[in-house]
Amino acid sequence: MKPTPVIHATSERRGEGRWLLRFEVHVPSAYEAVWPALTTADGLRGWLAAADVLERRLGGAVTLHWLNGGATVSGHVTAWDVERVVEYTVGEYGRMRFHLEAVGTDSTVIRFLDERAGTDEERLDCLAAWHHHFELLESALQGRPTDWSRWTDARWAELRASYGSFSRT
């Protein structure tokens, strides 16, 4: 049986109303394919959001617009180590860090952190949302980018229910 690339995340409280969400995602794609999915406008659009502005360098401006009815947030690229680490710090979505590690020549581990503010309910919403987006990333890397005109929140709702009953902090 093929291992599931997305596992439930962990989260920890970082002070009053602050959270650190963590995912470890295993994708069956070389990091040379994963990096553009995380750092280019075309790549991000296929699984996460439209990058209305994306200056691909440390300190560069970034504006992300969630195409599933979500918010538009702006901020900066706060870490940039080509083909290894990218971090966006944007509005209410906080600090989103992707750290890539090649596993052989055809697989990549993404260690993801999202440090953000929010209530416990918002934490659970975000865990489900990121989980869903990482599933969409795997599909995009397999040549099936998200068709946002057909997106529904059914999978998110299923994941949200599972995080609500299985929440690990």
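Q: Hey, what pattern does the protein chain follow if you read along the sequence?
A: This is a predicted model, and its chain runs β-β-α-α-β-β-β-β-β-β-α-α.

Q: What about its overall dimensions, what does the C-alpha trace span along the principal axes?
A: About 40 × 35 × 30 Å.

Q: And why does the radius of gyration agree with a compact globule?
A: A compact globule with 169 residues would have a radius of gyration near 15 Å, and this chain has 15 Å, so the two agree.

Q: Let's go inside. Which residues have the most contacts in the largest nonpolar core?
A: Those are Phe23, Trp47, Tyr88, Phe98, Trp130 and Phe134, in a core of 43 residues.

Q: Which helix gives the most to this core?
A: Helix α3, residues 120-141, with nine residues.

Q: Back to tyrosine 88, what is it in contact with, apart from its neighbours within four places in sequence?
A: There's a list for tyrosine 88, including Leu38, Leu44, Leu54, Val62, His76, Met96 and Phe98. Gly94 and Arg95 are also among them.

Q: How much of the chain is buried?
A: Buried residues make up 44% of the 169.

Q: Last one, charges: how many Å apart are the mean positions of the positive and negative ones?
A: They're 2 Å apart, counting 19 positive and 24 negative charges.

Terms used
Residues numbered from 1 in each chain as written. Predicted model: local features only at pLDDT ≥ 70, side-chain atom pairs only at ≥ 80, totals over all residues. Heavy atoms only, no water. Helix = DSSP H or I, 4+ residues; strand = E, 2+ residues; numbered from the N terminus. Rg over C-alpha atoms; globule rule 2.2 N^0.38 Å. Buried < 20%, exposed > 50% of the residue type's maximum accessible area, 1.4 Å probe, protein only. Lys, Arg positive; Asp, Glu negative; His and termini not counted. Charge placed at Lys NZ, Arg CZ, Asp CG, Glu CD. Core = buried A, V, L, I, M, F, W, Y, C linked by side-chain atoms within 4.5 Å. Contact = heavy atoms within 4.5 Å.
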